[in-house]
Amino acid sequence: MNYRKKILITGGAGFIGSHVVRRFVNNHPDYLIVNADKLTYAGNLENLKDVESKNNYLFSKTDIVSKESVTGLFNKHEFDGVIHLAAESHVDRSISSPDEFVFTNIVGTVNLLNAALHSWKDAFEDKLFYHISTDEVYGSLGSEGTFTEETPYDPKSPYSASKASSDHMVRAYNHTFGIPVIISNCSNNYGPNQFPEKLIPLVISNIKNNKPIPVYGRGENVRDWLCVKDHALAIDLIYHRGRSGETYNIGGNNEWKNIDLIRLLCRITDKKLGRSPGSSEKLISFVKDRPGHDLRYSIDSSKLQKELGWEPAPDFEALLENTVDWYLSNSSWLENVLSGDYEKYYDSMYSGR
Ligand code: NAD
Ligand code: DAU
């Protein structure tokens, strides 16, 4: 079949990547979507069961740190575009073992940039390298202020420093070699298929299993939460209508102190489980803070809203309820990812904290 475009999506078996792959495979049947993923602990092909047999979808088990594998993939498919999500994504893991973040997030990104550059040579028309980044590159805010696209980079964790480095490499390849690039920097995502090392699925899972809910410090840190489907929609819009060389911030306009969000999750989950409302709050356990814990993130996404007409969906509490429903009714998904190595990680991360 002749495809109108061939797009490489990296990290498509992960949380956000699987939503992006699903959206592109279903909404763009005339594109070939190749999902390249190493399948680390965070990558799970179960996330994509509903699209795996579609004609316009291919999976390639690829480690982006391997230059040969990345080059081979470009030689085979002659991609028109890249949407790059593959990364080590968990801040706590970047504190306990930073090396993998340097390899995947920095070296992996450079391997992809080199492969795109060589494959596209100087014929850049209709080509795009779209790099998915995070609001954490801007650092940490006090109680005032918000991140715009002009906010200077000030990453604080090994994770955010590795993402910032990759953003700089992407911009440098645009400036030096002319390769068309776009970067978007998004706030905290929530929704189905998120690995339960991250706050929201971890809290739901621990409530369900009557386990302590670890709250770092006093739970005063603030995050700006966005539904993953809104992020996938923004990525689709930006890929097709964003301006090359530009950066777009993506955020939920939805800031919550961790402790308030956790209490809300207790109320919703208790109701769904038929427990007395909020009874799970007794599981809340204040633990030693994350080293260097960023206090507050807040994203100004007005550029994206004005230029491309994107908006985050309004009713956060209803969407959070849907998310709780998803984790409670997909207990086999949760049990599969909670078993094995994850148990060891959990013990090493939380025992003695
Ligand atoms: P995730 O950890 O759920 O998934 C990452 C995926 O990348 C996994 O499928 C994993 O197998 C794959 N991967 C890891 N190392 C690889 C390698 N060397 N080669 C190939 N594949 C590899 O992450 P996520 O939360 O879905 O985040 C996706 C992207 O979005 C990341 O770049 C992250 O920095 C960014 N981001 C995430 C959030 C968030 O709230 N989760 C917010 C903003 C930006
Ligand atoms: O802001 C975007 C970023 O959001 C992404 O770039 C990252 O990939 C993603 O992991 C996320 O980073 P955070 O560190 O904000 O997410 P996490 O879910 O790990 O933590 C959210 C907040 O909850 C943070 O303030 C730390 C706190 N927390 C987290 C865990 C796992 C707890 O209090 N207890 C916990 O057990």
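**Pockets, ligand shells and how their terms apply**

Reader: How many residues line the largest pocket, and which of them lie nearest its centre?

Author: Its lining has 13 residues, and those nearest the centre are Lys211, Leu338, Tyr342, Glu343 and Tyr346. Please bear in mind that this is a predicted model, in which local features need pLDDT of at least 70 and side-chain atom pairs count only at pLDDT 80 or more, while totals for chains, interfaces and linings use all residues. Residues are numbered from 1 along each chain as its sequence is written, chains are lettered from A and ligands numbered from 1 in the order in which they are written, and side-chain values use heavy atoms, with hydrogens and water left out.

Reader: What makes a space a pocket and not a cavity?

Author: On a 1 Å grid over the protein atoms alone, a pocket is an open set of points with protein on both sides within 12 Å along at least five of seven lines, whereas in a cavity a 1.4 Å probe fits but cannot get out; lining residues have an atom within 4 Å of a point. The largest pocket has a volume of about 180 Å³, and the second largest pocket about 160 Å³, a volume being the space filled by probe spheres set on the points, which are joined across faces, edges and corners.

Reader: Which elements supply the lining of the largest pocket?

Author: At least two residues each come from α6, α11 (331-338) and α12 (341-350), where helices are DSSP runs of H or I with at least four residues and strands are runs of E with at least two, numbered from the N terminus. The largest share, four residues, belongs to α12.

Reader: Why is asparagine 44 called buried?

Author: Buried means under 20% relative accessible area, exposed over 50%, and partly exposed in between (1.4 Å probe, protein chains only). Asparagine 44 has 14% relative accessibility, which is under the 20% limit, and therefore counts as buried. Serine 53, at 65%, is over 50% and so is exposed. Asparagine 44 is placed in the loop between β2 (31-37) and β3 (57-61), and serine 53 lies in the loop between β2 and β3 as well.

Reader: What makes the approach of tyrosine 159 to ligand 2 a polar contact?

Author: A polar contact is a pair of N or O atoms within 3.5 Å; within protein, one must be able to donate a hydrogen and the other to accept it, and residues adjacent in sequence count only if both atoms are side-chain atoms. A polar side-chain atom of tyrosine 159 is 2.6 Å from an oxygen atom of ligand 2, so the pair falls within the limit. For histidine 293, a polar side-chain atom and an oxygen atom of ligand 2 are 2.7 Å apart. The protein buries 95% of the 690 Å² that ligand 2 exposes when taken alone, an area from the Shrake-Rupley method with a 1.4 Å probe, where for residues only the protein chains shown count as cover. The elements giving two or more residues to its shell are α6 (199-208) and β8 (213-216), and β8 gives the most, with three.

Reader: How many residues surround ligand 1, and what contacts does ligand 1 make?

Author: Around ligand 1 there are 29 residues, including Ile16, Asp37 and Lys163, a residue being near if one of its heavy atoms lies within 4 Å. An N or O atom in the side chain of aspartate 63 is 2.9 Å from a nitrogen atom of ligand 1, and one in the side chain of tyrosine 159 is 2.6 Å from an oxygen atom of ligand 1. Taken alone ligand 1 exposes 840 Å², of which the protein buries 97%. By class, its shell has 13 nonpolar, 12 polar and four charged residues.

How values were computed: Ala, Val, Leu, Ile, Met, Phe, Trp, Tyr, Cys and Pro count as nonpolar, Asp, Glu, Lys and Arg as charged, and the others, Gly among them, as polar.
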